Amino acid sequence: MTTIEQSIDLEVPVRAAYDQWTQFEDFPKFMKGVDEIRQLDDRHLHWVAELGGTRHEWDAEITEQLPDERVAWRNTDGKDNAGVVTFHKLDDARSRVMVQIDFVPEGIKEKVGSALNAPDRQVKGDLERFKELVESQGAPSAGGWRGEVPREG
């Protein structure tokens, strides 16, 4: 299992950061290699991505979602991964997004890439593109879903 931890400070309120992040179908706008995400319902997503030159598809379940605080997920099939994104208010106009992703590298390309910290650089770049997107828009591309998904167990 490989763990990635990255964070970035944004010049937008925490609500704007959270609302944009929860527009899951917009992820291809800032996540390199992600071709498509379909939100199937409030808890389930279907991902299509090219990682290490190989196309992958998998389903993920949101295991916890608290507005302006956190979104946690895990795969339900396909690519083995899980993680959490947390949102932190720095002041009324600034916020911090912190990402932790756990995944199992598959195949030689992903294993070598993981050993060379390529996934860390990828997530750092994705966060920089997210910052550019959310700060340039001034508001989320669509209204954020303000419902909760309680953690089970």
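Predicted model: local features only at pLDDT ≥ 70, side-chain atom pairs only at ≥ 80, totals over all residues.
Local features were taken at pLDDT of at least 70 and side-chain atom pairs at pLDDT 80 or more, while totals for chains, interfaces and linings use all residues. Residues are numbered from 1 along each chain as its sequence is written, and side-chain values use heavy atoms, without hydrogens and water.

Buried means under 20% relative accessible area, exposed over 50%, and partly exposed in between (1.4 Å probe, protein chains only). Tyr18 and Trp21 are among the buried residues of helix 1. The buried residues pack against elements including strand 4 and helix 3 (118–137).

Gln65 lies in strand 4 (residues 54–66). Gln65 counts as buried because its relative accessibility is 1%.

The structure holds 13 salt bridges (a side-chain nitrogen of Lys or Arg within 4 Å of a carboxyl oxygen of Asp or Glu). One of them joins Lys29 and Asp26, with the closest N and O atoms 3.7 Å apart. Lys29 is exposed at 52% relative accessibility; Asp26 is buried at 15%. Lys131 and Glu135 form another salt bridge, at 2.8 Å from N to O. Both lie in helix 3, 4 residues apart, about one turn of the helix. Lys131 is partly exposed at 23%, as is Glu135 at 29%. Arg43, Glu61 and Arg74 are linked in a salt-bridge network.

Definitions and conventions:
Helix = DSSP H or I, 4+ residues; strand = E, 2+ residues; numbered from the N terminus. Contact = heavy atoms within 4.5 Å.
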